[in-house]
Amino acid sequence: MSVLIDTSIWIQFFRGINEKQVKLVQKLILSNEVCICPPILQEILQGVGDAKTFEMLTDQLMSLHILNADPKLMAIHAAKIYVSLRKRGVTIRKSMDCLIAAYALAFDVPFYHSDKDFDQITKYFPLKAFIET
């Protein structure tokens, strides 16, 4: 089973904010159960401050299983998610979250996050939540 880990969790992991989450992400990485999608890759890397760390982190993240899909189809799917939610009175703060959700839905993978926008998406779309154990 692969788990798509959102940027909200990666940030906590890199900063060592939540010891339980750090250990869980480490366990998932060591057991080769982590996948990543291009939008999450972008979000993580754009937060890096120096070139050396950027290169090192790029190499490490590129070693994970990458969910590759046609970017046009993913953009359309994300837009459908966003529009559908807006029609229900739900506004997602970052449209990138709809794109990330589109990847999780398209690949039917559990999704590990700590972002309230994904809680809203989950109310209307069958996004599989990864449950910490």
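Me: Which residue in E2 does Leu4 stand opposite?

Reply: Leu4 stands opposite Cys35. Keep in mind that this is a predicted model.

Me: What makes E1 and E2 a pair?

Reply: Two strands pair if there are at least two bridges between them. Strand E1 (residues 3–5) and strand E2 (residues 34–36) are joined by two bridges, so they pass that test. The two strands run parallel.

Me: What is the order of the strands in the sheet?

Reply: The sheet is open, its four strands come in the order E3-E2-E1-E4, and the pairing is parallel.

Me: Why is one side of E3 and of E4 left without a neighbour in the sheet?

Reply: Because strand E3 (65–66) and strand E4 (111–112) stand at the edges, and each has a single partner strand.

Me: On to the helices. Why are H3 and H4 called roughly antiparallel?

Reply: Look at the angle: the axes of helix H3 (residues 38–45) and helix H4 (residues 51–62) cross at roughly 160°. Angles over 145 degrees count as roughly antiparallel, so H3 and H4 are roughly antiparallel to each other. Their axes come within 11 Å, and the crossing of H3 past H4 is right-handed.

Me: Which residues make that contact?

Reply: On the H3 side you'll find Leu41, Ile44 and Leu45, and on the H4 side Phe54, Leu57, Thr58, Leu61 and Met62. Sorted by kind, the contact of H3 with H4 has seven nonpolar residues, one polar and no charged.

Me: Why is H3 said to be largely enclosed by the rest of the structure?

Reply: Six of the eight residues of H3 are buried, so the rest of the structure largely encloses that helix. The buried ones are Pro39, Ile40, Leu41, Glu43, Ile44 and Leu45.

Me: What do the buried residues of H3 pack against?

Reply: They pack against E1, H1, E2, H4, helix H6 (95–107) and E4.

Me: And H1 with H2: why are they called roughly perpendicular?

Reply: Helix H1 (residues 7–15) and helix H2 (residues 19–30) pack at an angle of about 105°. The range for roughly perpendicular is 65 to 115 degrees, so H1 and H2 are roughly perpendicular to each other. Their axes are 9 Å apart.

Me: Which residues of H1 and H2 make the contact?

Reply: Ile9, Trp10, Gln12 and Phe13 come from H1, while Gln21, Val22, Val25, Gln26 and Ile29 come from H2. That contact of H1 with H2 divides into six nonpolar residues, three polar and no charged.

Me: How do you know that Asp117 is buried?

Reply: The cut-off for buried is under 20% relative accessible area. Asp117 is at 4% relative accessibility, so it counts as buried. This residue lies in helix H7 (residues 116–124). Leaving aside neighbours within four places in sequence, Asp117 is in contact with Thr91, Ile92, Arg93, Lys94 and Asp97.

Me: Why does Met74 count as buried?

Reply: Because Met74 is at 7% relative accessibility, and under 20% counts as buried. Met74 is found in helix H5 (residues 71–87). If you don't count residues up to four places away in sequence, Met74 touches Ala69, Leu99, Ala102, Tyr103 and Ala106.

Me: What about Ala106: why is it called partly exposed?

Reply: Buried means under 20% and exposed means over 50%, with partly exposed in between. Ala106 has a relative accessible area of 47%, so it is partly exposed. Ala106 lies in helix H6. Ala106 and Cys37 are 69 residues apart in sequence, and 11 Å apart in space from C-alpha to C-alpha.

Me: What makes the phi of Asn32 worth a look?

Reply: Most residues other than glycine have a negative phi. Asn32 is not a glycine, yet its phi is positive, about 60°. You'll find Asn32 in the loop between H2 and E2. With a relative accessible area of 62%, Asn32 is exposed, because exposed means over 50%.

How values were computed: Residues numbered from 1 in each chain as written. Predicted model: local features only at pLDDT ≥ 70, side-chain atom pairs only at ≥ 80, totals over all residues. Heavy atoms only, no water. Axes fitted to C-alpha atoms, helices over the stretch in contact; angles between N-to-C directions. Parallel < 35°, antiparallel > 145°, perpendicular 65-115°, else oblique. Left-handed = near helix turned anticlockwise from the far one by under 90°. Contact = heavy atoms within 4.5 Å. Nonpolar A, V, L, I, M, F, W, Y, C, P; charged D, E, K, R; others polar. Buried < 20%, exposed > 50% of the residue type's maximum accessible area, 1.4 Å probe, protein only.
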